[in-house]
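Student: Please take a close look at a single part of this structure and describe its surroundings in one connected account.

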Amino acid sequence: MHFLLLFSRQGKLRLQKWFTPVPEREKKKIVRDMTTMVLGRKPRSCNFLHWKDLKIVYKKYASLYFCCGLDAEENELLALEVLHRYVELLDKYFGNVCELDIIFNFEKAYFILDEFLLGGEVQETSKQVLSRSIEASDMLQEVCFGRSCLLSVLSIIFSVVL
Amino acid sequence: MPAPIRLRELIRTIRTARTQAEEREMIQKECAAIRSSFREEDNTYRCRNVAKLLYMHMLGYPAHFGQLECLKLIASQKFTDKRIGYLGAMLLLDERQDVHLLMTNCIKNDLNHSTQYVQGLALCTLGCMGSSEMCRDLAGEVEKLLKTSNSYLRKKAALCAVHVIRKVPELMEMFLPATKNLLSEKNHGVLHTSVVLLTEMCERSPDMLLHFRKLVPQLVRILKNLIMSGYSPEHDVSGISDPFLQVRILRLLRILGRSDDDSSEAMNDILAQVATNTETSKNVGNAILYETVLTIMDIKSESGLRVLAINILGRFLLNNDKNIRYVALTSLLKTVQTDHNAVQRHRSTIVDCLKDLDVSIKRRAMELSFALVNGNNIRGMMKELLYFLDSCDPEFKADCASGVFLAAEKYAPSKRWHIDTIMRVLTTAGSYVRDDSVPNLIQLITNSVEMHAYTVQRLYKALLDDISQQPLVQVSSWCIGEYGDLLVSGQCEEEEPIQVTEDEVLDVLEGLLVSNLSTPVTRGYSLTAIMKLSTRFSSVNRIKKVVSIYGSSIDVELQQRAVEYNALFKKYDHMRPALLERMPIMEKTASNGPTEIVQTNGETEPSVPDTKHPPLVTQPANQANDLLDLLGGNDVVPVIQTTLPTKPASAGGELLDLLGDLSLSGGPAPAPSVPVSQPPFLLDGLSSQPLFNDISAAIPPMTAYSKNGLKIEFTFERANPNPNIAVITIHATNTTEDDMTEFVFQAAVPKTFQLQLLSPSSNIVPALNHGSVTQVIRVLNPQKQQLRMRVKLTYTHKGSPVQDLAEVNNFPPQSWQ
């Protein structure tokens, strides 16, 4: 996979993941091209497109378009499954995920994506294992935060006392 | 300084902005606050600030000033900081940035961190966007982690290794030992990523491929377990167990089985099993079937399996799901070259797909339909394709028209059918036809001598209806110019001749000249056509008048032509009849006319030139060039057969420039602004006899080469209109007891000559003089120098390849004088 983009019906970008080095300008151009092409498709067309030498696979979930760019040898039908799996993971994490969840918690969407795909390839095929890793990472974050909170509270107390 | 606002707060605020300007203002304010916060080196809020920056970056605003902050976050000890830091790095610090390398040390430390989630972050970042230098530095760490027993890290390390190999292929060897027992893992995550790693290694290195072939039985076993095992809640997708892993294994098997009989045999059973047992009600099952079909078609599978695969594709074509139909058409396109007959069976379904509403499907169906056209089904297919041409979107028309022309050229059952088809395309999609098809069509029409009357009549009628489609108008005016006499004399045999007077014809042509719809090119065509009619019609005065009017035309091209034609009338009237005579039959100089759209493996490749027409033999020419360093380089250039003399007749000239320029890319509209430099020799294209004239001036044949049982004789002819062209036919015979196979004859001539090699009759020289291979060579010798030739022969005799070079110097003087 070369890239994965999420954008809304109005063409606003909600997530962008690039698996190959692309100059900033080029990225903007690709995003523009993808949004124009995908949003311009008729409602009941097939989910595959051609763009330059890449296969583009896209799927609409509620108000969000999930769009990825593949090499010629990759399996488009499987790519649809990959997109679907990502949506399922988001759904499990946020509970009935909607676009707002992704807007306000974009960094979490990235974290989940980074547990699922690495370098454009699937790293874990079990939903449960994946969810457990994310939970554990989140716990680690809490603990850290908790610890630093405790430290700052303690330091305030000490400074007051002293 | 007050605490910076939280991320959610910022997002909420920005979303309330009603205009772009308002949003920009908010963002600029926040950026300023963030910048000052960064300057204060505030550790507590750095994470929050960078997160906000990343959000603003996603909206499209510049965020480069946060790059160093990301590095600081990565170096922090807090997990929260690291998480955001690495995310920032992946978004802002790709390898084109200067500070990218500064991450290396941090990543190295984190790869050895005590917490696996930190190691995971580092592996993820390295595997997504590590530069080559970084990969080189850290490959050792990745390799270490590849051998760990922690499956969480192992799977990430495997994909990280894939990235390292992609960036620095030389490091592939390094990971070889670690791959030893990757496949004996039970963990699906590790299995999946290991298969990806093995696939990458095998694709890049033939040695690795050989090495890993022995894994085929193991892979087959794993795949079998996946299919046969019962329901596994962890990996189940709609009743199928771990489809991601299944597809990757199938893909690896494809690579391992390609061009290897033993491996292919080992997989036959499992492929058949997957193909028959997989549930096809959902997309996921079809994804696996698709991969299976691709694998079956690529390896050396037995024919039963191949038929099974094509049938699966046939079933896909009938599926309601558009994606499946699309995928089927794409796959059939890949296999149509190798399994043509099997795909033919599904022709009617494919043709039905032309009527599909989906644009992507229509395009694939069109390409596939063209690939399936052959001599047997040409009439039926063409009917469908022409119907498609009528009703399709403009984006398809150009490709479809080109495809129709190409197919018609190859398989036309009769000349009349061919002309009718062309007419149909020109009248329905005339404005979409590619510019380079105009000269091709003209050549085609010229060469179908008996159809001239019919053609010009039909074109004339079409012109009366509609003068807006330029290619149609151009072809029509050219034909009327050439065959106008047939038109007015009412000689048509094929259909009811129409009654047309000379004046009516001239009216139409003059109408083209003045019409706003005509492009300058078209005007050029019609002026020249009018001029040609001066020798075919009796109303010369009218023509003289028209021509003189345009002598002062604003359009420079038109003016030049008119002035030259005027001069022809005034000073060179005695030459006029000869110059404007009927065009002779033209030789095709390139076999591929309009752009090919046949797809073979995957994407557009030029289709193999049809060997019915003498192709431009470029390959032997390149090798002939190798021979030539001693003779002084020679370009094998096609001999342009007919050009008219330089001065007035740019009509023929422009066409021949087009013929000379015929290339696969389709040149711009044929409108040379000045008559292009004609070849230095004067060919009289005036005679209407065919070029290959068998009246040879009795030049004796000669033996050019005789060695090791192979004898090559040259026989000579003159290309009649042009005494400078010698046409040599080589006859290769074999007196030994074994056939000489893969026989290739190549020739090279000195610089002052031009050489054209036509295709040989075959490449097997039968033993004991049971037959011979013949091949035609045309040599242009404008300077009448002594003909010399160097020949290179390659063939396979008694199983071993033979190659020989020889010089041929004993040409009879009559062949070059």
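Tutor: The model is predicted, and the account may begin with the contacts of one residue. Leaving aside residues up to four places away in sequence, B:Arg251 touches A:Glu73, A:Glu74, B:Glu203 and B:Glu291. B:Arg251 is buried but has no salt bridge. The nearest side chain of opposite charge belongs to A:Glu73, at 4.0 Å.

B:Arg251 is found in helix H13 of chain B, which comprises residues 243–257. This helix also packs against chain A: the axes of H13(B) and of helix H2 of chain A (residues 76–94) come within 11 Å and cross at roughly 150 degrees. Angles over 145 degrees count as roughly antiparallel, and H2(A) is therefore roughly antiparallel to H13(B). The crossing in which H2(A) passes H13(B) is left-handed. On the side of H2(A), the contact is made by A:Leu78, A:Glu81, A:Val82 and A:Arg85, and on the side of H13(B) by B:Pro243, B:Phe244 and B:Val247.

Another helix pair, within chain B, may be set beside this one. Helix H3 (residues 43–58) and helix H4 (residues 67–75) of chain B pack at an angle of about 130 degrees, their axes lying 10 Å apart. H3(B) and H4(B) are therefore oblique to each other. The crossing of H3(B) and H4(B) is left-handed. H3(B) contributes B:Arg46, B:Cys47 and B:Val50 to the contact, while H4(B) contributes B:Glu69, B:Cys70, B:Lys72 and B:Leu73.

Methods
Residues are numbered from 1 along each chain as its sequence is written. Chains are lettered from A and ligands numbered from 1 in the order in which they are written. This is a predicted model: local features need pLDDT of at least 70, side-chain atom pairs count only at pLDDT 80 or more; totals for chains, interfaces and linings use all residues. Side-chain values use heavy atoms; hydrogens and water are left out. Helices (H or I, at least four residues) and strands (E, at least two) are DSSP runs, numbered from the N terminus. Buried means under 20% relative accessible area, exposed over 50%, partly exposed in between (1.4 Å probe, protein chains only). Lys and Arg count as positive and Asp and Glu as negative; His and the chain ends are not counted. Contact means heavy atoms within 4.5 Å. Axes are lines fitted to C-alpha atoms, for helices over the stretch in contact, and angles run from 0 to 180 degrees between N-to-C directions. Angles under 35 degrees count as roughly parallel, over 145 as roughly antiparallel, 65 to 115 as roughly perpendicular and the rest as oblique. A crossing is left-handed if the near helix is turned anticlockwise from the far one by less than a right angle, and right-handed if clockwise.
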